[in-house]
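Colleague: Could you take me through a single part of this model in detail? I would like to see what surrounds it as well.

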Amino acid sequence: MTKSNVTPKRTVQASPSAFPNDATVLCGRDKSLTHRAVMFAALARGETIIREPLLGADCLSTMSCFRALGVQIEALDSRSIRVRSEGFSAFKNPSVDLDCGNSGTTARLISGILAAQPGLKVRLTGDASLSSRPMRRVVDPLRRMGAMIEGPEKGNFLPLTIQGQKLHAAAHEVDKATAQVKSAVLLAGLFCEGETSVRLPAGSRDHTERMLQRMGAKLVTEIKDGWELVRVTGPFAPPPGRYMIPVDPSSAAFFCVLGLLRKGGTLRLPEVLDNPTRTGFLKVLQRMSPALTLTPDNDQRFVEPVMQITLQGGSVLRPTDIEAAEVPTLVDEIPVLAVAAAFADGPSTFHGLEELRVKESDRLSKTAELLRLAGAEVSVQGDSLKIGGRLREVQPFTYDSVGDHRLAMAAAIMARRSKKPCCILDSECVGVSFPDFYEMLDSIV
C-alpha cells in the first residue's frame with residue numbers, strides 16, 4: 001500500500017489583515033465526457049480528434065480496451081489525442097482480456113457496445129475493487145435485448161464473457177437514476193432496428209444523450225412527474241468529429257470546498273462543465289455560502305457548456321440538508337460536501353445515500369470514518385449521514401482511502417484545515433480521475 005504525507009499548507013498571518021493569496025486553478029478534465037468521446041470515436045469510421053482529454057487511469061482503461069479491439073489511439077500533442085478507426089464492424093476479437101481497471105464506466109458502457117457486435121467474443125476483467133461492484137444492473141437489461149453475457153453469480157460480477165449478438169430493440173424500466181445503465185442500453189440500441197427506450201427516475205447524467213443528439217442521432221427525452229423517458233432509434237453509426245473536453249465538475253468540487261474553507265482570498269475555477277445533471281453540489285454549496293458565484297462562459301469550442309466558478313474564503317458556512325432526490329446530481333461529491341458540512345455552523349443531514357455503498361468502496365461508512373478521525377461529530381443512520389457541524393480544529397489523522405480517489409481527495413481537503421501533518425494511505429489512487437490533484441493543491445497558499 002502506498003503511503004503519502006499530505007501536510008496542509010497554511011498562510012502565516014502576521015496581522016489580522018493578512019489573507020491567503022488569490023488563485024486561479026484549471027482542474028482536471030471531465031472523466032465522463034472523455035470516456036464517451038473515446039467510445040464514439042472508436043465506433044466512427046475515420047479520424048477523430050479529442051482535445052483536452054482526461055488522461056487519468058480510468059480513461060486510459062477505456063483507451064486500452066479499444067486498442068485491443070483494433071482501434072488506433074495516439075497522442076497528437078501534449079493536450080490532444082487522435083483516434084483512427086475502421087468503425088465498429090471492423091472490431092477484431094482481442095488476443096487478451098479487456099482490462100477495465102477500476103473503471104465502472106468502462107465496464108458497463110462497453111458491455112452495451114460489445115454485446116451488439118455479432119461474432120465478437122471478449123472477456124472483461126477489472127481490479128479487485130471493480131470486480132466486487134454489481135454488474136447485473138447492466139447485464140440484465142442487455143440480456144432482455146438478446147445479449148449473451150456470462151459471469152460469476154449470474155453475471156453480477158467481473159470477469160464477464162460477452163459473445164456478441166444481433167440484438168433487438170426493447171423498452172426498459174429501471175428503478176434507480178443511473179447514467180451507466182441508461183447509457184449501456186442506449187449504446188446497445190444504436191445497433192438495433194427500431195426504438196429502444198429507458199424509463200428511470202429523473203436526474204441522472206445525460207452526457208450520452210447530448211452527444212448522440214449532437215451527432216445527429218434520433219433521440220428524444222421526456223421528463224414528467226419525476227421520471228425521464230429516453231428513446232433512441234437505430235441503427236445509427238456515429239460519425240468522426242472533434243471534441244473539446246471541459247473541466248470535470250466532480251474534480252472542481254474539491255477546490256470549491258477548499259475555496260470556501262480558506263481564511264480569505266479569491267479562488268477562480270474556469271472552464272468547468274455547466275450541466276445541470278452534474279452541478280447539484282453547487283446548489284448545495286450556494287445554500288451554505290453566498291461567497292460562491294457562477295459565471296457562464298460562451299466558449300463554443302467545448303462539447304458542452306462551461307462556466308467559471310468564483311469562491312471567496314472567510315465566510316461562515318450555513319448547515320444544509322441534502323434530500324434523496326438531489327443525490328443523482330451530486331453522488332460523487334458527497335464525501336467532500338460532508339467535509340464542508342463538518343465546518344458548518346450547525347448540523348446537516350444527507351439522505352438517500354444507498355448508492356454510495358456500491359462505489360469504489362463503501363463511501364458512506366468511509367466518509368463517516370474520515371469525519372470522525374478529524375474530530376467531527378458524525379453518524380450513519382440507515383442510508384443517511386448526520387453531521388454535527390461546528391468543527392473548529394481538525395485533529396491530525398491517518399486515513400486509509402482504500403484506493404478510492406474521491407475519499408483520498410476529500411481527506412486531503414480536510415487535512416488542509418489541520419495544524420499538524422495528516423497521512424493519507426493509498427493516496428496515489430487520485431490518478432484515476434485527477435492525476436495533478438496534489439500538485440494543484442500544493443500550489444494554493
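**Helix H11 and its neighbours**

Modeller: Happy to! Let's begin at the end of the helix: H11 is followed by Gly375, whose phi is positive, near 105°. Keep in mind that this is a predicted model, where local features need pLDDT of at least 70, side-chain atom pairs count only at pLDDT 80 or more, and totals for chains, interfaces and linings use all residues. Residues are numbered from 1 along each chain as its sequence is written, and side-chain values use heavy atoms, with hydrogens and water left out.

Helices here are DSSP runs of H or I with at least four residues, strands are E runs of at least two, and both are numbered from the N terminus. H11 covers residues 363-374, 12 residues in total, and spans 16 Å from its first C-alpha to its last. That is close to the 16 Å expected at 1.5 Å a residue, the expected span being 1.5 Å times one less than the number of residues.

Among the buried residues of H11 are Arg363, Leu364, Lys366, Leu370 and Ala374; buried means under 20% relative accessible area with a 1.4 Å probe, protein chains only. The buried residues of H11 pack against helices H10 (334-342) and H12 (405-415), and also against strands S19 (378-381), S20 (384-387) and S21 (398-400).

Those two helices also meet each other: the axes of H10 and H12, lines fitted to C-alpha atoms over the stretch in contact, come within 8 Å and cross at roughly 20°. H10 and H12 are therefore roughly parallel to each other, a label for angles under 35 degrees. Pro335, Val336, Val339 and Ala342 of H10 make the contact with Arg406, Leu407, Ala410, Ile413 and Met414 of H12, contact meaning heavy atoms within 4.5 Å.

Terms used. Buried < 20%, exposed > 50% of the residue type's maximum accessible area, 1.4 Å probe, protein only. Axes fitted to C-alpha atoms, helices over the stretch in contact; angles between N-to-C directions. Parallel < 35°, antiparallel > 145°, perpendicular 65-115°, else oblique.
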